[in-house]
Protein chains: 2
Amino acid sequence: MSPNRSPQPLAATPAATAVLAMVLTEGPLSRVDLARRLGISSAAVTKAARPFLDDGYLHELDSERTAPGAGRPVSPLAITPDREFVIGVKVTADEVIGVVADLKARIRNSAHRQLPDCEPATVLATLAALVEELLDADPELRGKTRRMGVAVSGDVDRVRGVVRLSPLLGWQDVDLAGPVGDATGLVVVVENDVKALTVAEHWFGDGVGTDDFTLVTVGAGIGCGIVTGGRLLSGAYGVAGEVGHVCVDASGPVCHCGARGCVEAIAATEAIVGRARLLTGRDGLTFTEAAELARSGSPEVCALFSEAGTAIGLAITAVVNLIGPERIVVSGEGLDAYDLFETEIRQAYATHAFGAAARCPLTIRPLPFEEWARGAAAVGIQTLFAPARG
Amino acid sequence: MSPNRSPQPLAATPAATAVLAMVLTEGPLSRVDLARRLGISSAAVTKAARPFLDDGYLHELDSERTAPGAGRPVSPLAITPDREFVIGVKVTADEVIGVVADLKARIRNSAHRQLPDCEPATVLATLAALVEELLDADPELRGKTRRMGVAVSGDVDRVRGVVRLSPLLGWQDVDLAGPVGDATGLVVVVENDVKALTVAEHWFGDGVGTDDFTLVTVGAGIGCGIVTGGRLLSGAYGVAGEVGHVCVDASGPVCHCGARGCVEAIAATEAIVGRARLLTGRDGLTFTEAAELARSGSPEVCALFSEAGTAIGLAITAVVNLIGPERIVVSGEGLDAYDLFETEIRQAYATHAFGAAARCPLTIRPLPFEEWARGAAAVGIQTLFAPARG
């Protein structure tokens, strides 16, 4: 995030951060419930909530009386979703996909633009034009949009707003937050795409209400965001959640990382397509066509998807056996073919999850087009808060 | 821990806990250094340290002047290791191993007793006799020993002091802390053995000074304690660190858990011995004899150890790629044969660690006889502190 750009975070104290985050993600909630769940006094909740009520970020719902004679009526606090809007953009190798979301991360509108190339200057100009297009779509949005999240595949230094390394884009040490902020006038935060998606899922999706949550994404790469103790793991050396490089077969195919039998070498879309091309002799075969072949009864191509599903399932089970999340979600554009994967993923999980770890619910679902951009918007929403520790 | 037994924890406030823990694990440290590293004021450090100085748990080292004219002399705070002693006991299927340790977890003396059987009553009586033997060895110890940690393989409810399930001992829902406390008059805490060893390593071994640390143990089982963000992972369903049940070969041998290709099915001592017996036709072959055969040039038996080392290395790499610890230690009685494992462990790690994750230093070393009991003592030392959050 560009450090000198206003607006400042709304919530600057630990109590204010905790109250706003809990109402945002789990509200509406009464002050009494907030106090109980956060382990602070009702007076501290009231004090922390007051500026957000004054600024219109929170509002009180109509009074409720839980039972006749139950004392003073309760007015739960709720977020005002359209108090502010946030832009989220995912940068891929060939296009940028953008959304405008409200404070509940609900998408108001979306747009995308092709990228003629991946040069930082090209991406910057395209991002700036995309932002204009998004804000032009609805007069309400322009005056209320001050923050933007950008999601990029690779190693991202969120604090400095720099993409340290993105093999997909061919980038090394590209300052993105600064120039995008200058071009758009918005507060810009840059994050790794899988981490951004994990934030969205943790705050607004299946991860709400738990501190121990894992999201696995399946597609061009196979990635994973791990939240434990409420903290997104980032790794002492900047590497964590690399579920795609868990080895499930030491004599398996060689991965782009150089090792053998990585999940990505078996189950990433390119790995499946590459093997399907070899099997069929059709050089131009696409992933969608490979999936159609599998569905229409080619046992060899079908076996490729089964093998991929098993590899994904084994890697997920490694996460569950090692870390013990409360819930796990498997998603991604690769799961457009999830009918071909799901049985094997679940079977590997059922067979290999150790003891009570198997109780962790496994949700498998495809990822709609704009979800990655919504993940970026969720990271933008986080700039409402003081930067989290560590 | 038995909740109604004195003594109470010494450190009851967050500041007192933080100061005592940091001096204990990383001291001697000056008040100024403590304040800086803990992010609290020097006045708060002084206030928190005062009762520990009064009670003799801490002492001031001789004044040091860092440079001439550098102002008021600095008197670093240090733990007084022999202010109190703590007993640690590891319960195995055929013996109990005990140590008395000082507050730096240095072993003062040790003893062990055979177990005729694993019945809880037998174990209780043997533990009580072992404690007497340990305390009788040195008159200084009896008056200064009030706490005890017990380490058991299996699923342990530390808060209740109950062993929920220990397949090795054939135990289910055995209350251990209560009866052992009654029999010995000590404050008793019970913990899973691998977790206890991880605490010892984190507080007094190679894990000192980092919040992100992993210990892998290799032996009858293959286990793992994972500390991330300073917190020992315990899993939302009570399962975490099960590195022994990471699948590294879906077509590998069947594990006792029912799945195929678990690391334990390839690299646990029993797995190696079982396969060596089949190869050699020697039914009574021991692990030590198998290791000797490998060293004396039997290529088939040597290959078993190599395969085990590779499996362990792949599982360690899964931990590193997923969690990204700052340091990792591999230890255990199985590593008495670590000359036969080490090359393959390191090779699998070098090949499969993803990118910068490979920078995580990997320490491989055998585990001396009393280390498990010392782990239990370290957990006993933790009862000096208020119970950690969840």
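Biologist: Which residues line the second largest pocket?

Modeller: In this predicted model, the lining of the second largest pocket is made up of Ala220(A), Thr269(A), Glu270(A), Val273(A), Phe287(A), Thr288(A), Ala291(A), Arg295(A), Glu333(A), Asp336(A) and Ala337(A). As for the general idea, rolling a probe the size of a water molecule over the atoms shows where empty space is left. Here that pocket has a volume of about 270 Å³.

Biologist: Which helix supplies the largest share of the lining of the second largest pocket?

Modeller: That is α10(A), with four residues. Both α9 (269-280) and α10 (287-295) of chain A give at least two residues to the lining.

Biologist: Let's turn to helix α2. Which residues of α2 (residues 31-38) in chain A are buried?

Modeller: An α-helix has 3.6 residues a turn, so residues three or four places apart point the same way. In α2(A), the buried residues are Arg31(A), Leu34(A) and Ala35(A). Their arc around the axis is only 100°, so they sit on the same side of α2(A). Val32(A) and Arg36(A), on the other side of α2(A), are exposed.

Biologist: And what covers the buried residues of α2(A)?

Modeller: The cover includes α1 (14-26), α3 (42-55), β1 (58-60) and β2 (77-79) of chain A. Also have a look just after α2(A), where Gly39(A) has a positive phi of about 70°.

Biologist: Now for the sheets of chain B. In what order do the five strands of the open sheet come?

Modeller: Strands of a sheet pair through backbone hydrogen bonds, either parallel or antiparallel. In chain B, the five-strand open sheet has the order β5-β4-β3-β6-β10, and its pairing is mixed. The edges are β5 (107-114) and β10 (187-192) of chain B; each has a single partner strand, so one side of each lacks a neighbour in the sheet. From one strand to the next, the twist averages 20°.

Biologist: How many bridges join β3 to β6 in chain B?

Modeller: Seven bridges join β3 (residues 85-91) and β6 (residues 145-152) of chain B, and these strands run parallel. Val91(B), for example, has Val152(B) in β6(B) as its bridge partner. Helix α4 (residues 120-136) of chain B packs on this sheet, where it touches β3, β4 (95-101), β5 and β6 of chain B.

Biologist: What is the pairing in the sheet β7-β8-β9 of chain B?

Modeller: Those three strands form an open sheet with antiparallel pairing. On average, neighbouring strands of this sheet are turned by 10° against each other, direction ignored. Four bridges pair β8 (residues 162-166) of chain B with β9(B), and Val162(B) has Asp175(B) in β9(B) as its bridge partner.

Note on methods
Residues are numbered from 1 along each chain as its sequence is written. Chains are lettered from A and ligands numbered from 1 in the order in which they are written. This is a predicted model: local features need pLDDT of at least 70, side-chain atom pairs count only at pLDDT 80 or more; totals for chains, interfaces and linings use all residues. Side-chain values use heavy atoms; hydrogens and water are left out. Two strands pair if DSSP finds at least two bridges between them. Axes are lines fitted to C-alpha atoms, for helices over the stretch in contact, and angles run from 0 to 180 degrees between N-to-C directions. Buried means under 20% relative accessible area, exposed over 50%, partly exposed in between (1.4 Å probe, protein chains only). The arc is that of the directions from the helix axis to the C-beta atoms. Contact means heavy atoms within 4.5 Å. On a 1 Å grid over the protein atoms alone, a cavity is a set of points where a 1.4 Å probe fits but cannot get out, and a pocket is an open set with protein on both sides within 12 Å along at least five of seven lines; lining residues have an atom within 4 Å of a point. Grid points are joined across faces, edges and corners, and a volume is the space filled by probe spheres set on the points.
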